[in-house]
Amino acid sequence: MPVMKQFFALVARRPVVTVLVTLFVVLLVANYFLWQQRHTVTLQHEEVVRRGLEVAKALTDQARTKTDLTQLQDALAQIDRSLVVEGEMEVNLGYFYKIERLSRVRLSQLNQLSALPGPDGSPYRAVPFSMHVNGTYAQIMNFVHQLETGPRLVRIRTYSFVRSADVKSKNLDLDLTADLLAVQ
Amino acid sequence: MLSDLFNRGTRRSLLVEINSYQTLVASFSQSGNGTTLIESAGEFANQDEGSLREWLDGNFEKRKTWVPAICSYVSPEMLLQRESIQPRKLTEPDYLTNLVREQFKIENPESWKLKLLSPVEGTPIPPEGSVRPALICGMANAEVHQVQQRMLDFRLMPYRLEPGLVPLLGALSERQIHSNDKRAVVVVIIEQEHTLAVILGKEGVHTPTAVSHGFSSIVQSAAKEFAITDDAEIRHRLHHPDDEVMLRATKFVRAIGRELKPVIDSYEMTTGQPVGEIFCAYLPTTLAWIAEPLALVMGRTASTFSCREWMPGVGIEVGPNVPELGPHWIGPLSLLAGLTAPKGDSAPPASTDTERPWHVDVRLSGDLPNTKLVGKRFFAGTLAGTLAALAATGAVLQVYQTRSYEADTVFWQAQMAEKQKLFDDLQRDSRVLSQKTARLDFAYNLMNPPYEMSAFVLNLGRTLPPHMRITRIEGSDARVVINGALREPSEEASRTLGRYLDELRHAPAIGPLFTSIGLTAMQREEDADTLSFEITFKLKTAP
């Protein structure tokens, strides 16, 4: 192998350069592996720092989260207390009659309508009611106000507010449909 | 030691001759007056590189630098032929190579170092003039390269590399001129398988065809004569001749002499010049006995050329510690005859054709290191060192960064482990919060009214202008429509309605709830001063 012979002769003539070149090549290879190791460690470090910052931020918001949760639980408890059950019609209608009595209006018609199913995943549904109310302006406004601010959650969908057909009377007629929040 | 101190300007150089039998080396220095002083000399078998290296180490202390060397190489493959040439055609690039290819059957003369010398004066032949004889001298580049590389391996810098036979012919020619000898001299070079005779006569160098018997035939004859079959043993006996060998010497060389004799005779017949001495070149001391019987067989006399007598005439002196140099030293010493010393660390000069007669430098200058060698080596070393340092720095930096990241990662992990329970609780709370918020959102979306009806009707009543009466209010998820009547003259009623609409739009409790508030109907009633109207409120949250 004359090429090998020449190579070894060259190495023998240039020992310092040979050692340095060999060292350079070895270090180059070592650098490659070190770079890979550093890359892996850097990724781990970035991940840990990211998670650490998340923890730190979460811990900073801890007090607010606790407060929010307490308030939310109160609100939900209030909602749960106001829920009606669709099947308990007598109770549901009785709620309206109770307000009728307090506001002194006359509920000439009161019907519980079929409820549509609530949205997917919702624990609630809306049960609709229709009613015809007769009374003075003040009585009717009192009735509506009590309906809106009463212990049940009510949403008035439609209403028609007209003067009574009896010209001599100062009464008003109110046709109203309203939803009550019920359990699903 | 003291003399070295005062002779710092004088640099010792090396004389080397490599021939078929051995390697001759001599250290020499040159004084200001041009005298060359041989300080030490040695003879080594060609294969004995260890002894040669040892001798070089002993004679050249600064072996870390290049030792300038004058080299003579005697190659059996060397081309040395007298031939008629047309000097004018030497300007043609292919003339000489084609001539060599055709005349001497050399396949690839382009890879040969070829020189033309005058066979009489030994000077280069200028490319002019008519047909004339020339001595074509050449060596294959591959062979030259090999010799050069061998020199470099010994850290010898070839300042000259000459085919050994040419300067020897020069030395013999010079001696002939000085001794006024009219007879021709035959230089016999006994190679292993053939013998070459070169005749140095009045018309210059003649190169008859080589004869096919060489030293091997002497060995064979001796083996037959002594009935020894072992080649090494017979060679050893020939190299250490005893009386018996000397007695039968003529028999051993008869084959060579018998073939050379007609060649010599032919020369005498052709030129009319008598042949005098036979000079056997390159035979080592141990084989020097061959010259006399060979001359005897050829009917001539052996040369009495003595180095001791010749050297002072060509400016060569021998140091006190040098043993007597035999005739085989004339070859290498002829390279020093009239030589100008190589100067210190200067670059090995490129071969020139305007050099001394009978001297041909066949070095391949391109293959040799030059003065920039140190620079190149320094540069290569510096570059390699810098790269290695950079790579080392990079490695250290990467290790440092890796360690630093690892330490930081451990710190963060410890911090997180410490807060992990708290964080887990918080995560659970957050999940509960999200679930409950979703529940609240469901309730809000189902039951959130766009406005509070009782408040809206009351606010509407508060904004009513005088003479206006509301007869109907209808509301849905999309809009609110109010119908009413205004007891005013038409023109005034329309202004009142306009103002009323503006008031509604700007009322803080009403305006912001709707995207538009507008009059959608207006007509006079039977009563001329009453105008009925319809106002529509479009809710912002209308589907």
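In which helix is the place of A:Tyr32? I find A:Tyr32 in helix 2 (residues 15-60) of chain A; helices are DSSP runs of H or I with at least four residues, strands are E runs of at least two, and both are numbered from the N terminus.

Ground rules for myself: this is a predicted model, where local features need pLDDT of at least 70, side-chain atom pairs count only at pLDDT 80 or more, and totals for chains, interfaces and linings use all residues. Residues are numbered from 1 along each chain as its sequence is written, chains are lettered from A and ligands numbered from 1 in the order written, and side-chain values use heavy atoms, without hydrogens and water.

Back to A:Tyr32: I note a relative accessible area of 46%, so it is partly exposed (buried is under 20%, exposed over 50%, partly exposed in between; 1.4 Å probe, protein chains only).

I traced eight strands in an open sheet, ordered 1(A)-2(A)-4(A)-3(A)-15(B)-16(B)-18(B)-17(B), with antiparallel pairing (two strands pair if DSSP finds at least two bridges between them). At the edges I have strand 1 (106-112) of chain A and strand 17 (514-524) of chain B, each pairing on one side only.

Then I checked one pair: strand 2 (residues 124-135) and strand 4 (residues 172-183), both of chain A, run antiparallel and are joined by twelve bridges. A:Val127 has A:Leu180 in strand 4 of chain A as its bridge partner.

Last, I looked at helix 4 (residues 89-103) of chain A, which packs on the sheet and touches strand 1, strand 2 and strand 4 of chain A (contact means heavy atoms within 4.5 Å).

How values were computed. Axes fitted to C-alpha atoms, helices over the stretch in contact; angles between N-to-C directions.
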